[in-house]
Structures are given as C-alpha cells and as structure tokens.
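Trainee: Could you take me through how to read a helix, a ligand shell and the backbone angles in a model such as this one?

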Amino acid sequence: MSNISCGIVGLPNVGKSSLYNALTKNESLVANYPFATIEPNVGIINVPDERLIKLQKLYQAEKITYANIKFVDIAGLVKGASNGEGLGNKFLGHIKQVDMILQVVRIFEDQDTIHVNNEINPQNDMAIVNTELVLTDLEQVNNQLNKIIKLAKNDKIAQNNLNLLLKIKLVLEKNQPLWLEKFSSDELILLKPFNFLTLKPTIYVFNLSETDLKNLKKQEQLTNLVKPSKCLFLSASLENDLKNFNDNEVKQLLEDYKIKESGLEILIKQVYETLNLQSFLTAGSKEVRAWTINKNTLAPDAAAVIHNDFKKGFIVAEIIDYNDLIKFGSVIGVKQAGKIRIEGKDYIMQPNDIVNFRFNL
Ligand SMILES: Nc1nc2c(ncn2[C@@H]2O[C@H](COP(=O)(O)OP(=O)(O)OP(=O)(O)O)[C@@H](O)[C@H]2O)c(=O)[nH]1
Ligand SMILES: [Mg+2]
C-alpha cells in the first residue's frame, strides 16, 4: 500500500492551504479571500520515523526511504455547493478520490480575515460541510437507484445493491453521514465502488489562534462537539511558520508553547490510527525503508507490498524486533541472543518488525 491520501476540506478561507503548505513545506497560494484555491494542490510528505535514522547508521545504508502520505488541498465549499453554489460540485469529485478527509474548522478570531458567514461558529460550519457531503451522496444514490431499479427485476446482484441503496437513502435523507450506520462486511464490500463521501473516515482539524493552543477547556468543548470522531488542535499559521526553521529550532519553539509534538506529528499519527494502518521496516546496506500496511496484515500480504513475487514465492519471514536491534547493538548481537525469529504464512505483522522475506520463484 502506498500513497495513502487525505483530502483537506472545509469552508473557504479557514486555513486549508496554510495547513497544506505547512504539511508539505510548500508555497501554494494562501490569501485572505474566499476561493483562493480553485484547482487542488497535491503534495506528498514523508512520514517522520526516527527509527530509520538509527537503522541507516547501523546498516551503513546508502539511503532512507520513508513511508508517505499524499495530501490534497481542495477548494473551499459553501452552503449549496452540492447544487452548484460557490465553485459548485466539481471539487466534490476531488474528495471522492481520497482515502480520508481532514475537515479544517476555523476557530481563530481575526477581524481582518473574512469568514464567509461573517461569524466564527464551528458547529454551524461543520454542519454546512457535512450537509453538503450528505447531499452529494444522496444525489449519487438517487442516480444509481434510477439505473438499477430495472435491472433488479432479473438480476440477483442488482437486487442486493438495490436493497442496500434503499437502506442508505433512508440514512442520508435524515441528514446523517453513512459512517453513523452499521454495515456488515458484505455490505461494505458492495459499497466500496460507490466511494461515498460520508463513508470516508474524518478527522476534524480545529485551526486555533496561538493563544488558544493552551486553552484546554475550549479544546475539550470542541472535542465533545465531534465525538466519536477524532479531532486535533493546531494553528495553521504557526505550523506554517515552523516549516522555515530547522529541527532544533522547532523543538525550542514548541517548548516555548509547552507543546510536546507539532500539530503535524499528531496529525500523521491520527491518520495512521484512523485508517487502521501500521508500518514495518526493511533494512540493508542499500536502503532502510518503512512500508505501510493495514493492521493485522499477514506476512505474505505484507511481502506483496514490496513485490508481488515476494508473496507468490513466500517461504518465511525473518524478523528482528527493532527494539532488540537497539538493545543488542547489531544484527550479530541479536543473532547471538537468539532473537531472530522465523515466521510463517500465518504470522500477523507487528509495528516494530524489521523483516527479511525469504522467497522462491
Ligand atoms: N490569524 C490566523 N490567520 C490564519 C490562520 N490560518 C490561515 N489564516 C489566514 O486566513 C486566510 C486564508 O487562509 P488560506 O490558507 O488561504 O485558507 P483556505 O481555507 O485555503 O481558503 P480557500 O482556498 O479560499 O478556500 C489567509 O489570510 C491566512 O493568512 C491562523 O491560524 N490564524
Ligand atoms: Mg486554499
């Protein structure tokens, strides 16, 4: 699995491009007027992983390859967008293509920065965005229903699809996102090709003023507003400023704000958690590398992420736990301690595994 993608979504002028620039260390247009972004900005970032830096030293590796995440900065959306208001529904198609949504919500107060509804009201803003996503899904359901109703008379698969779409229609008509509804695993498989927007996992990103970064009470209130969804708090403009400093300077700055991790580090962790992802590592003299897989992936399926042949000819996985490697100081040390494991086809990959797949073609 490569290139997990996150769409940055929200009302116009709330700091989406600022966040995007901070994440991707880019300089896309940030401007104090709505709809500054029209075509989506796309950037890929490395997932920071200190283990790889240590591994590079231990293996004297020529290069490091980080796991990565793609971010797509999408045009702002307003009430009625699903009906063509603002930039209309073209950008809703851009949201369709991503694995998950980061919904940026403006909390920062600033007289000079236009808010499209002229007031800072996070609950209202989130409701507008969510309603537009629901309406877009509903329109798709209705289109599909029109197509499928005739087919369903003679076709068992179409009949199943029809029943499921009718169930979905009821949910959406109550202005509820689809993720609120329980679906069986069979239903989820049927739903996958439709790519419904409100089935995509969402993290709310509250864009705070720098002073509110320390306001835990406000943060608790906002957390309660979006439960059970995940949320996080950052200042997009502060994060954007951080990109111009080196690692030590960033550490110092965060300490000044009494923050342990930058908003971006927290964000990446939450993306992994939300999408149920983890990594595994490979290491050699050419390259040390992190690979992204779903949690509970079996060894042969993890091997397939590197190359399909690794799965086809899979024999065993030779595994060293990263912490053992650090503890014993070298691969030889790990070997002597009897800590290299040989795992078979049924092995479930663990997050600190450094793996050498043995295969035969
Ligand atoms: N005070 C303050 N201003 C911010 C913050 N984030 C963004 N802004 C300002 O808000 C304005 C809009 O920022 P953008 O990042 O362009 O917002 P956007 O959501 O991408 O806007 P559109 O592309 O028009 O939808 C700019 O003037 C930014 O400088 C913040 O955290 N604090
Ligand atoms: Mg923008």
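Mentor: Let us begin with helix H5, where Lys-156, Leu-166 and Leu-170 are exposed on one side. Bear in mind throughout that this is a predicted model.

Trainee: Which residues of H5 are buried?

Mentor: The general idea comes first: an α-helix has 3.6 residues a turn, so residues three or four places apart point the same way. In this structure, the buried residues of H5 are Asn-161, Leu-165, Ile-168 and Leu-172. Because they cover an arc of only 65° around the axis, these four lie on the same side of H5, whereas Lys-156, Leu-166 and Leu-170 are on the other side.

Trainee: Against which helices do the buried residues of H5 pack?

Mentor: They pack against helix H4, which comprises residues 122-151, and against helix H6, residues 185-191.

Trainee: What span does H5 reach from its first C-alpha to its last?

Mentor: H5 runs over residues 156-173, 18 residues in all, and its span of 26 Å is close to the 26 Å expected at 1.5 Å a residue. After the helix comes Asn-175, which has a positive phi, near 60°.

Trainee: Is Asn-13 buried or exposed, and what does Asn-195 count as?

Mentor: Asn-13 is buried because 21 other C-beta atoms lie within 10 Å, and the cut-off for that class is 20 or more. Asn-195 has 15 C-beta neighbours inside 10 Å and therefore counts as partly exposed.

Trainee: Which peptide bond is cis?

Mentor: The bond from Lys-227 to Pro-228 is cis, with omega near 5°. Pro-228 has its place in the loop between helix H7 (216-226) and strand S7 (230-234).

Trainee: Turning to the ligand, which residues come nearest to ligand 1?

Mentor: There are 22 residues around ligand 1, and of these Gly-15, Ser-17, Asn-32, Thr-37 and Gly-76 come nearest. Sorted by class, the shell has nine nonpolar, eleven polar and two charged residues.

Trainee: Which helix gives the most to that shell?

Mentor: H1 gives the most, with three residues. Helix H1 (16-24) and helix H8 (236-242) each supply at least two residues of the shell.

Trainee: How is the chain divided into domains, and how many helices and strands are there?

Mentor: The division is into domain 1, residues 4-273, and domain 2, residues 296-359, and the centres of the two domains, taken over C-alpha atoms, are separated by 34 Å. The chain contains 14 helices and twelve strands, and its C-alpha atoms fill a box of roughly 65 × 65 × 35 Å along the principal axes.

Trainee: What share of the chain is buried?

Mentor: Of the 361 residues in the chain, 31% are buried. Among contacts between residues at least 6 apart in sequence, 69% join residues at least 24 apart.

Technical notes: Residues numbered from 1 in each chain as written. Chains lettered and ligands numbered in written order. Predicted model: local features only at pLDDT ≥ 70, side-chain atom pairs only at ≥ 80, totals over all residues. Near = placed C-beta within 6 Å. Nonpolar A, V, L, I, M, F, W, Y, C, P; charged D, E, K, R; others polar. Expected span 1.5 Å × (residues − 1). Buried ≥ 20, exposed ≤ 12 C-beta atoms within 10 Å, placed from the backbone. Arc of directions from axis to C-beta. Contact = placed C-beta atoms within 7 Å. Domains from an automatic or database assignment.
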